Amino acid sequence: MWEWFIGLLSTILGWIADFCGDWGLAIMILTIIIRLCLTPLQNKSLKSSAQMQVLQPKMQEIQQLYADDPMRQQQELQKIYSEHKFNPFGGCLPVIIQMPVFFALFSVLRDHLPADACFYGIFPSLADSVSNVLATSGFAGAWVYILFDILFGVFTLIPMLLNMRNQAQGQTPQTLIMGVIMAGMMMWFGWSVPVGVLLYYNASSLWGIVQQVFITNRMMEKYKKEEEAKVANGPIQVNVVRKEQKPRPKKKS
Amino acid sequence: MSGDGKGAARSLGARALLKIFQGYQRWVSPLFPPCCIYRPTCSQYAIEAVAKYGALKGGWLAVKRICRCHPFHQGGYDPVP
């Protein structure tokens, strides 16, 4: 199954390379195709996470109110979900599923790239790693490779910085440290992998960043406004707990 | 109850898993947008499940939970049994 998937990806990459005549361009086109396939899914999960953020205070209130009664809590939360037609397109599984796709692409670029695959005049060989090029042709030949490794780190850090804006204040410094450490690890990892992998990752991240800055944030604001309007204009909820109806005592005759 | 989960006598595996999940929550999770459709979240669920049932059964419960956490489920409040 795994081998089959890798074979499929490398065949597709080969076709694109034949079609456009350049391996580097083919990697970028494949990246864009994969990103485009993921966009509708992302859009839906965006909408639900905007809803989630607007409804969060209300849900917390319910959780506190019925903390000792999980059944009632569940019912009340269900009520909110149905009122707002809350259909969360998202979840942890889709995120986890994306990882094998990344690893498959990684192993395609590492093992199935011909040695003469080049990216126009920029990279003579996409199958070569940064450390290798630096060792064989010195800094003069390797500086573009090194630049791409640095970009690899920078493009890891930027989405995290963008994410931090949606976060609680107290956590920010911690997250920043972790983001920098992770970017450093990525650069260390990128040092010894074929530069084709870096090209893929940089193209993919750049796409993601553009998407986040120009589309995601604006859509998020729009969805949030819609949801807030819905909450504000909705009928006022009054929680009435009805007493059990008792049968009327019969009149004594 | 086999006794590998509850109380102070947690197995090495359970303790290692708890540390990993807590590390994920503290360090890794804040870097990415929130995606979980359940409360408690999948990682919190995993911590509670492993603490209560031990590495094997708790881990299995967590795996089942993650497999439920996708667009075609309703989500919502779903505590560890």
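Author: Buried means under 20% relative accessible area, exposed means over 50%, and partly exposed lies in between, with a 1.4 Å probe and protein chains only. This is a predicted model, in which local features need pLDDT of at least 70, side-chain atom pairs count only at pLDDT 80 or more, and totals for chains, interfaces and linings use all residues. Residues are numbered from 1 along each chain as its sequence is written, chains are lettered from A and ligands numbered from 1 in the order in which they are written, and side-chain values use heavy atoms, with hydrogens and water left out.

Rings of Phe, Tyr and Trp (its six-membered ring) pair if their centres lie within 6.5 Å; planes under 30 degrees apart count as stacked, over 60 as edge-to-face and the rest as tilted. Over all chains, the search of the whole structure gives 2 aromatic pairs. A:Phe152 and A:Phe189 are stacked, because their ring centres are 6.4 Å apart and their planes stand at 25 degrees. Helices are DSSP runs of H or I with at least four residues, strands are runs of E with at least two, and both are numbered from the N terminus. A:Phe152 lies in helix H5 (residues 130-164) of chain A and A:Phe189 in helix H6 (residues 172-190) of chain A, so this pair ties together parts 37 residues apart in sequence. A:Phe152 is buried, at 1% relative accessibility, whereas A:Phe189 is partly exposed at 32%.

A:Phe152 also pairs with A:Tyr201, edge-to-face, at 4.7 Å centre to centre and 80 degrees between the planes. A:Tyr201 belongs to helix H7 (residues 195-233) of chain A and A:Phe152 to helix H5, so the pair ties together parts that are 49 residues apart in sequence. A:Tyr201 has a relative accessible area of 15% and therefore counts as buried. Through these ring pairs, A:Phe152, A:Phe189 and A:Tyr201 are linked into a cluster.

Contact means heavy atoms within 4.5 Å. Among the contacts in chain A with a separation of 6 or more, 71% come from residues 24 or more positions apart.

For the complex, the predictor gives an ipTM of 0.77 and a pTM of 0.66.
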